[in-house]
Amino acid sequence: MKYYLSLPRIETLGLILPASLFPQLSEALRASSTGDLKSIVLTIKGYLGEISADSMVGAKRAPRLRRFGLSYRAGYVSWNSLATSLPSSLEWLSISQSDRPEILPTALAKILAVLERLPNLRRLELDGGLPSLVTDCFSPLTLSFLELISLSGTAIQCAAFLNHIRIPRVHSINLTSVVSSPTALQVLAPIINDKLHDVGSS
């Protein structure tokens, strides 16, 4: 017997569930009316390969969504699916995924492609999966309304990401970083200073 959620009037959904139940949750969300959903925060326990966001929520199915959080420390999230499933109204994005070396980090281009589609983003939290080496050249992406950014990774990973965004309205930069050498700290410090100096600029 299959059970479906009915969510026509629910605005907030927060769940911690084993990976084995994720397919049922995805099916339930697809079968439900989620038009009033404003916040969805999920923690997935266990390994299920790559998780796709469009299996849970879509821009057309949840046009009022303001917060999307997904913690999946055993595996990784498809950033391609985030690019097509999150509505432009989103203000808070939180992604926590594996930082194990055997799981390849996400390409910076994919992360920037998602953020470019979220012009109203005010809070960004990325924990794990940041790229350490950026081989392509990108113009910095301006996140005009971002007020808080929180990154977790090595100093080189945090520096590589910060070096490719402009955050003129940021109020807080939170870094949880493993500084493996004085050289890594020397790379990170000037980039943070640059971001702080950008505050207030157009």
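The conversation below sets values against definitions.

Author: Please note that this is a predicted model, in which local features need pLDDT of at least 70, side-chain atom pairs count only at pLDDT 80 or more, and totals for chains, interfaces and linings use all residues. Residues are numbered from 1 along each chain as its sequence is written, and side-chain values use heavy atoms, with hydrogens and water left out.

Reader: What is the average pLDDT of the chain, and where is confidence lowest and highest?

Author: pLDDT is the predictor's confidence in each residue, from 0 to 100. The chain averages 82, and 81% of the residues score at least 70. Confidence is lowest in helix α5 (residues 182-198), with a mean of 71, and highest in strand β7 (residues 123-127), at 96.

Reader: How many helices and strands are there in the chain?

Author: The chain has five helices and 11 strands. Both are DSSP runs numbered from the N terminus: helices are H or I with at least four residues, and strands are E with at least two.

Reader: Why is Ser81 called buried?

Author: Buried means under 20% relative accessible area, exposed means over 50%, and partly exposed lies in between (1.4 Å probe, protein chains only). Ser81 has 4% relative accessibility, and therefore counts as buried. Ser81 belongs to helix α2 (residues 79-85).

Reader: What does Ser81 contact, leaving aside its neighbours within four places in sequence?

Author: Contact means heavy atoms within 4.5 Å. With those neighbours set aside, Ser81 is in contact with Ile51, Ser52, Ala53 and Asp54.

Reader: What makes Leu175 partly exposed?

Author: Its relative accessibility is 28%, so Leu175 counts as partly exposed. Leu175 lies in strand β11 (residues 172-178). Not counting residues up to four places away in sequence, Leu175 touches Leu151, Cys158, Leu162, Leu188 and Ile192. Leu175 and Cys158 are 17 residues apart in sequence, while their C-alpha atoms are 7.6 Å apart in space.

Reader: How do you know that helix α4 is mostly covered?

Author: Seven of the eight residues of α4 (residues 155-162) are buried. These are Ala155, Gln157, Cys158, Ala159, Ala160, Phe161 and Leu162. Gln157 has a relative accessible area of 14%, and is therefore buried. Neighbours within four places in sequence aside, Gln157 is in contact with Leu130, Pro131 and Ser132.

Reader: Why are the buried residues of helix α1 said to be on the same side?

Author: The buried residues of α1 (residues 22-31) are Phe22, Leu25, Ser26, Ala28 and Leu29. They cover an arc of only 165 degrees around the axis, which puts them on the same side of α1. The arc is that of the directions from the helix axis to the C-beta atoms. What covers these residues includes β1 (12-18), β2 (39-45) and β3 (50-52).

Reader: Arg123 and Leu148 are in contact. Why is Arg123 called partly exposed, and why is Leu148 called buried?

Author: Arg123 counts as partly exposed because its relative accessibility is 30%. Leu148 has a relative accessible area of 17%, so Leu148 is buried. Arg123 lies in strand β7, and Leu148 in strand β9 (residues 148-154).

Reader: What makes the link between the side chains of Arg123 and Glu125 a polar contact?

Author: A polar contact is a pair of N or O atoms within 3.5 Å; within protein, one must be able to donate a hydrogen and the other to accept it, and residues adjacent in sequence count only if both atoms are side-chain atoms. The side chains of Arg123 and Glu125 make such a contact at 2.8 Å.

Reader: Which residues have the most contacts inside the largest nonpolar core?

Author: A nonpolar core is a set of buried Ala, Val, Leu, Ile, Met, Phe, Trp, Tyr and Cys residues joined through side-chain atoms within 4.5 Å. The largest has 52 residues, and those with the most contacts inside it are Phe68, Leu93, Ile149 and Phe161. Ile149 touches several residues beyond four places away in sequence, among them Leu124, Phe161 and Ile173.

Reader: How much of the chain counts as buried?

Author: Of its 202 residues, 44% count as buried.
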